[in-house]
Amino acid sequence: MTRFHAELACLGGGTATADVLIDTADGVITGVASGVAAPADAVELRGLTVPGLVNAHSHVFHRAIRGHSQSGVADFWAWRDVMYAVAARLDPDNLYALARATYAEMALAGITTVGEFHYLHHDRDGTTYEDPNAMGDAVVRAANEAGIRITLLDTCYLQANVTGAPLGGVQRRFDDRSWEQWAQRLDPLSDTAMLRVGGAIHSVRAVPRAALEPIADHTRRQGMPLHVHLSEQPAENAACLDAHGLTPTALLTAERVLAPTTTAVHATHLTEADITLLGQSGTTICMCPTTERDLADGVGPAVTLARRGSPLCVGSDAHAMIDLFEEARAIELDERLVTGHRGHLRAGELLTAATAAGAAALGWDAGRIAPGALADLATVRLDTPRTAGARAGDPVAQTVYAATAADVSAVVVGGRVVVDGGEHVDVPDVGAALDAAITALMT
Ligand SMILES: [Zn+2]
């Protein structure tokens with residue numbers, strides 16, 4: 001049993017409670033008491049403790065192109081060429097090194113769980129590795145080494161466009177050839193204390209219509225979460241309308257993909273009818289605002305989606321930055337720019353997007369500081385230049401609106417301290433590890 005004593009903790013409702021004693025055993029929170037002085041045997045958490053942050057959408061290898069893909073690359077499709085050039089160089093070893101360092105960066109940012117939308121399955125010429133899951137295994141081991149939970153959203157990717165053009169070049173690495181072979185490859189994978197196996201449909205571009213419902217059925221039978229990229233680009237909508245006479249959302253509805261266990265990523269370019277379909281189905285929406293702004297995707301109708309019934313979560317996606325406070329507040333701030341009004345979502349709701357909603361979307365009972373939940377916590381210092389003054393005001397709101405990843409001082413995953421004093425316990429110099437992994441890959 002490990003006990004933690006939080007100076008301030010967010011126990012829900014967007015407010016901070018003082019002197020919170022959090023008991024944990026076997027990785028789970030067993031008791032929460034407030035207004036209690038710190039007992040001698042408790043690990044002290046100074047600042048504001050929130051549930052561990054959940055990064056619901058990651059393509060871990062994109063970390064290698066931070067910066068150089070962001071300047072002078074004209075549009076989404078040109079950016080994709082830069083990204084594919086890196087995808088072509090990866091193997092299980094260099095992917096492992098890059099992923100371990102990137103997940104350690106996530107841990108330092110307060111992230112206790114990542115959803116890895118993983119489609120880089122096969123060798124450079126498209127042949128299957130001796131271990132068909134060698135690449136997926138590399139990212140799972142990397143997350144374990146970095147001390148964070150992972151939901152491996154193993155992605156089905158079968159065609160180059162909505163009309164079924166075959167995959168060529170680097171895209172052959174994604175190709176399982178049929179949804180049945182994709183499902184077969186997943187078969188030997190099973191959940192552990194730190195791993196959930198999930199499924200993903202890359203997009204309506206990359207999976208033929210006939211495979212959509214079978215994939216959704218398969219994941220539901222296995223009790224897996226299902227994720228799908230949705231309407232990130234207007235070109236995808238136009239091609240889908242051309243081929244099927246339906247928007248991507250209407251197509252996913254017709255093929256029974258949308259459900260409370262499904263998460264649609266981006267959902268940027270939607271019609272009114274799309275928004276209603278997503279909300280009525282209870283599909284979660286994963287917003288990735290720092291990526292969407294970087295790629296000039298546009299601003300999705302997050303607040304309307306939430307009002308119509310879709311929970312919101314967030315992801316750092318292409319890792320232009322890894323800072324879930326920035327992702328969460330961007331939902332509200334982007335909405336302000338679009339509408340000319342303030343006050344759409346409260347700070348507590350934005351924090352829920354970065355915690356409980358993400359955990360649910362990835363299949364974990366986490367994201368709240370309460371008995372029965374996984375003992376995943378992140379503590380933010382309230383004495384940094386950005387967060388100072390929070391104790392005298394609204395600690396939760398100031399954290400959501402002003403804190404950065406650099407203000408996280410302690411991270412606990414399953415009752416184990418992973419970050420202490422702003423340093424990773426198992427990866428001593430995360431910057432150096434990232435530098436080495438990226439330099440080796442890019443030169
Ligand atoms: Zn993505």
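Predicted model: local features only at pLDDT ≥ 70, side-chain atom pairs only at ≥ 80, totals over all residues.
User: How many aromatic pairs does a search of the whole structure find?

Analyst: The search finds seven aromatic pairs. In one of them, the ring centres of phenylalanine 76 and tryptophan 79 are 5.7 Å apart and the planes meet at 45°, so this pair counts as tilted. A stacked pair would need planes under 30 degrees apart, and an edge-to-face pair over 60.

User: Which residues form an aromatic cluster?

Analyst: One cluster is made up of Phe61, Tyr84, Tyr119, Tyr157 and Phe174.

User: Which rings have an arginine over them?

Analyst: Tyrosine 96 has the charged end of arginine 141 over its ring, 4.8 Å from the centre. Tryptophan 364 has arginine 196 over its face, at 4.0 Å from the ring centre.

User: How are two packed helices described?

Analyst: The description uses the angle between the axes and the distance between them. Here, helix α2 (residues 92–108) packs with helix α15 (residues 430–442) at about 150°, and the axes are 9 Å apart. That angle makes α2 roughly antiparallel to α15, the cut-off being over 145 degrees. The crossing of α2 and α15 is left-handed.

User: Which residues of α2 and α15 meet?

Analyst: On the α2 side they include Asn94, Ala97, Leu98 and Ala101. Among those of α15 are Val430, Ala433, Leu434 and Ala437.

Key. Residues numbered from 1 in each chain as written. Heavy atoms only, no water. Phe/Tyr/Trp six-rings, centres within 6.5 Å; stacked < 30°, edge-to-face > 60°. Lys NZ or Arg CZ within 6 Å of the ring centre and 35° of its normal. Axes fitted to C-alpha atoms, helices over the stretch in contact; angles between N-to-C directions. Helix = DSSP H or I, 4+ residues; strand = E, 2+ residues; numbered from the N terminus. Parallel < 35°, antiparallel > 145°, perpendicular 65-115°, else oblique. Left-handed = near helix turned anticlockwise from the far one by under 90°. Contact = heavy atoms within 4.5 Å.
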